[in-house]
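Hi there,

Here is the structure I promised to pass along. Have a look at it first, and then read my notes below.

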Amino acid sequence: MCLSECFVSGFADVFDVDHFIEQTRGYVEVVKDMPEEISLKEPFKVDCRKQKGHFDYVETVLPALLQHRYISLTPAMSQRKDRYPSHAKACYCQGCYNALKLNKKVEAKAMELLQAIPKPFLSLHLRFEPDMVAYSRCEYSALSSKSLDAIEAARGEDRNVLVGDAAHLWRNRGKCPLTPSETAFILQALGIPTETNIYLAAGDGLMELDGFTSIYKNMYTKSSLLTHEDFERMHGNTKAALDYYVSVNSDAYVTTFFGNMDKMVTAMRTMQGLQKTLVLSRRAFANYTAAGLAGDQLAKAMWDAHREDYIMGRGLALPEHCFCEFKL
């Protein structure tokens, strides 16, 4: 495996490349540059992004690798890890949890940020950006005109708002992002005090934030804790790396979505024995509000929906049989 393509996409801007190579030694050979006799050729491109359902690399990618010897791979998001042989599971675990380490520059800035947050604190990954809402195809009736305009600007031709039965079904399946005010309501239902110190792990362009900060006022962000110069010099990947580091090391982690970063954070916290990790249920909130629940009734229903995961502190943690149990 060659990391030269990763350098282009910013891998080295965030992670310690030498550490990655050293930690994967014995599992898979990683080089920074391809040998000249190979690099002069055009790699055979294998794009797995459009594969539906659980994707199997052994069945689809391995034949292309054996035939062409030199391939450029665009990975799939969904994989059949249950069918990996034990040595592949061990390699996958090593790459995910032991080989990925922030480079010294980013780690130093992340540690500085972590130290600046008043303790104890909860890290909240709140997702309600225009592009995300537009992509969800969900309709919200109580948003400001500014938010509605931003969503419409982010909406493409294939992202029309769902209506009628399709909209109800989609929302009840938990496909609609929680608004900041809905998130604040659920946190209150779970008994999280309004004076809690909260670090907001979120990207730029978050909408309707007043619905959250009007209730939880002790909120801290990267832009409020870092110098203006530091913040402006950072790109999206670096900012996300800071959020990742802080979230892994927070006293508690709550997320309104379960995307790639959330999966990494929850799994890493579980691997390190850190509990107090919770993924809020968009499906439960949608179903109960559709049934007409509000106020105290809705709050009790949300407590019941999250009760087991909240008390155990392991919301959507690693499965009982983890692929990291396998060793070479």
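**Salt bridges and a covered strand**

Asp-230 and Lys-109 are joined through their side chains by a salt bridge, with 2.7 Å from N to O. Asp-230 is buried, with a relative accessible area of 11%. Please keep in mind that this is a predicted model.

Lys-109 has another partner as well: its side chain meets that of Glu-112 in a salt bridge of 3.1 Å, N to O. Why are Lys-109 and Glu-112 separated by about one helical turn? Because they are three residues apart in helix H7 (residues 104–116). Glu-112 has 38% relative accessibility, so it counts as partly exposed.

Elsewhere, Asp-304 forms a salt bridge with Lys-300, and here the closest N and O atoms are 3.0 Å apart. Is Lys-300 buried or exposed? Lys-300 is exposed, at a relative accessible area of 52%, whereas Asp-304 is partly exposed at 41%.

Back to the group around Lys-109: salt bridges with shared partners join Lys-109, Glu-112, Asp-230 and Arg-233 into one network. The count for the structure comes to ten salt bridges.

Which way do its side chains point? Phe-121, Ser-123 and His-125 point one way from E3, while Leu-122 and Leu-124 point the other way.

E3 has two strand partners to trace on your screen. Four bridges join E3 to strand E4 (residues 197–200), and these two run parallel. In that pairing, Ser-123 stands opposite Tyr-199 of E4. Four bridges also join E3 to strand E6 (residues 252–255), again running parallel, and there Leu-124 stands opposite Val-254 of E6.

Happy browsing, and write back with any questions.

Best wishes

Key. Residues numbered from 1 in each chain as written. Predicted model: local features only at pLDDT ≥ 70, side-chain atom pairs only at ≥ 80, totals over all residues. Heavy atoms only, no water. Salt bridge = Lys/Arg side-chain N within 4 Å of Asp/Glu carboxyl O. Buried < 20%, exposed > 50% of the residue type's maximum accessible area, 1.4 Å probe, protein only. Pairing = 2+ DSSP bridges.
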